[in-house]
Amino acid sequence: MSGRAVTVTAAGRIVVGTPQPHESAALHVRGLARYCDDIPLPANTLHAAFGVSAVAHGRMTQLDLAPVRAMPGVVAVATAADVPGANNYGGILHDDPIFATDLVQYAGQPLFAVAATSHLAARHAVRQALITYEELPAILDVRTALAAQSFVLPSQHLVRGEPDAACASAPRRLRGSVEIGGQDHFYLEGQIAIAIPQEHGGMLIHCSTQHPTEVQHMVKDALGCDQHDVVVQCRRMGGGFGGKESQPALIACAAAVLARQTGREVKLRLDREADMRITGKRHDFVADYEVGFDESGRIQALKVMLASRCGYSADLSGPVNDRAVCHLDNAYFIEHIDIVSHRCKTHTVSNTAFRGFGGPQGMMVIEHIIDDIARTLMRDPLDVRRVNFYGIGERDVTPYGQVVEDNLLHRIADELEASSDYRARRAGIAQWNAGNAVIKRGLALTPVKFGISFNATQYNQAGALVHIYADGSVLLNHGGAEMGQGLHTKVAQVVADELGLPLALIRVSATDTSKVPNTSATAASSGADLNGKAAQAAAQTLRERLVSHLCEIHGARAVAIQFANAEVRVGGEILPWKQVISAAYAARISMSATGYYATPKIHWDRARLHGRPFFYYAYGAAVAEVAIDTLTGESQLLRVDILHDAGRSLNPALDLGQIEGGFLQGVGWLTSEELRWNARGELKTHAPSTYKIPTARDWPAVTHIRLLESAPNREDSIHRSKAVGEPPLMLAISVFHAIRDAVASCGAAGALPALRAPATPEAVLAAIDSVRPLAERAE
């Protein structure tokens, strides 16, 4: 077991800490895992499609839907006037209409929806609408929005120390800008909802969503009913990545309105192009900075202006940008700091949650600054990173006031530098670049310190429901949503461990708002932390009831009773699990229990951007080696070495899978996934033909990926594990800086490559031009 700490039952069976397969793995590979689109529907089910705006900003002067209604198969058409309740799906601010009325604010915004007898009939019908617009000036990018002072939310300002004075007195100073692109979620399963009318005005919603409770809330508002009238279920998603946190409410609300209007089941499934045009993406950012530092590269003071493209409405942009602010420090102590965060309104789709939730963009900014300092001083960037690391027992307070109590940065950097042979490879790459004019190589080691918990404290809670049936089998339901990450598997492992059972006796049912109410989104990497603890509490309640019963009938002490391997040891007697359960049922012992958990210690003053927003930090680091072709701008990832902190892992196989997948998704964000809008505000990268996600061919030939060993979470998380959903994505920052390192080798020492993200071939060529002497560029 390589010294890995695991939980072992009394009889020696290892339950938690082992590489168990995903609970749906066999179904996945056999094509039998049922997603929303696979649910059998009644014969009279209607299929829906959206009619959307063709302009980025304007007023509708005509919306003639008569030709739509006349199309074959059309049963109903819904506009804002047909919404029985609130025409809104915005969860924080009510600024997201289900259907636009007179004002349209992005190309692709839904104006109406059609319900027809087939999906194709609905899609054909929506194209027949006669719409005219009075077009208005459109703001399409961050810099234009800043110039126009166009914001969806008030700007935020965080100051610590005396940044102006400290910067002015610093031995060295730099100014610069950073450009970071957005990213489409490109989940394998697109947005989908099925609305099924129920008796007494109720509505059952099957939806691919990370946040069933928010969908329930938005649908009840749209229908003008109560929350108990709406039930939302989701057995699994084919990927979410944050794109199914707030966005599914639009799809579910439209389907529910049409279902209420017609009295028939309605299925609304977006095809890929519609999904990419209609739904939000990762926020793109720009940052302007001024940094003061000394000759060792240690930062004395930092002033940063952060600005993100939020789109036409607030959506989740407030907390996304707050988290960007809270991760701008990444692994580094900055005593004097000034951060201004602008949330820019543009006439583009409203950007939303995406794996990392603003954290990756904040980290990209500080890593760019560290890299600029290192190149200015002509020092190895790793040495400058090290001199700025948070300390242990000193230099350990973040700009927002949280003490870094569990610092693993130095240990991880030391181990990874040694295991990756960083120094020797750095020298070898310098020698390669000196002898090769066309193919240049680059190397970078970048760290990750990522805070775990929702910034909004109220979301850090979860519930679970556990039934033990008379035959000894167990049914588990909890508030988390399965999107391929293995959450259901981990929570089942926790319950199996508490009851001393094999996983085969635990069945996890669909996430269901009628079973566990008021759930939080499965987001912020907190799914296993929250729901695992809630399920553990429910299982412990059941075990305690069984122990009390056994003590009573056997005259035993509680400490003499142990559960393991589907058996119960009572003193010297071993009883089969099923026999114990059968006897408990006969004795009228309740074998159903709820569990609840609320994350301790956290608090957050959003107005001051101060407090302890995170229960703990997850750490990691990656060393990436790349090659670039200086004639074409193409880059290739040659090797990656990763050391990641998952605490005492609940399931190393699943955690390694999350690290691999998160890392490659981050590579896509920073190298190939470029979002482009034209001058009319139309998204032009709206299909796999124009939007390039990474494939198996982009995986490096050499990989060394390990979990940090003997490093249990110092906080009382579930079995001392750590979250592993989001942090690995930021390991890909090493790839971007390895490319930047390769580009820098094309210029003189001390040159600062103007490389924007994503580092597409075009961006790489432009960056090469930025460091080459003018005479060389002219050749």
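Student: Which residues does tryptophan 577 touch, not counting residues up to four places away in sequence?
Tutor: This is a predicted model, in which local features need pLDDT of at least 70, side-chain atom pairs count only at pLDDT 80 or more, and totals for chains, interfaces and linings use all residues. Residues are numbered from 1 along each chain as its sequence is written, and side-chain values use heavy atoms, with hydrogens and water left out. Contact means heavy atoms within 4.5 Å. With those neighbours in sequence set aside, tryptophan 577 touches Ile468, Gly472, Leu499, Leu501, Leu505, Leu546, Phe563, Ala566, Glu567 and Val568.

Student: How many residues does the largest nonpolar core have?
Tutor: A nonpolar core is a set of buried Ala, Val, Leu, Ile, Met, Phe, Trp, Tyr and Cys residues joined through side-chain atoms within 4.5 Å. Buried means under 20% relative accessible area, exposed over 50%, and partly exposed in between (1.4 Å probe, protein chains only). Leu302, Leu306 and Trp577 have the most contacts inside the largest core, and its residues number 153.

Student: Which helix gives the most to this core?
Tutor: Helices are DSSP runs (H or I, at least four residues), numbered from the N terminus. The top contributor, with 11 residues, spans residues 527–554 and is helix H15.

Student: How many salt bridges does the structure hold?
Tutor: Side chains of opposite charge can pair when their charged atoms come close. A salt bridge is a side-chain nitrogen of Lys or Arg within 4 Å of a carboxyl oxygen of Asp or Glu. For this structure, the number of salt bridges is 49.

Student: Arginine 386 forms a salt bridge with aspartate 414, so how many residues apart in sequence are the parts that the pair ties together?
Tutor: The closest N and O atoms of arginine 386 and aspartate 414 are 2.9 Å apart. Arginine 386 lies in helix H11 (residues 381–388) and aspartate 414 in helix H12 (residues 409–419), so the separation in sequence is 28 residues.

Student: Aspartate 655 and lysine 490 meet in a salt bridge too. Are they buried or exposed?
Tutor: Their side chains meet at 2.6 Å, N to O. The pair links distant parts of the chain, with aspartate 655 in helix H17 (residues 652–671) and lysine 490 in helix H14 (residues 487–499), 165 residues apart. As for accessibility, aspartate 655 and lysine 490 are both buried.

Definitions and conventions:
Helices (H or I, at least four residues) and strands (E, at least two) are DSSP runs, numbered from the N terminus.
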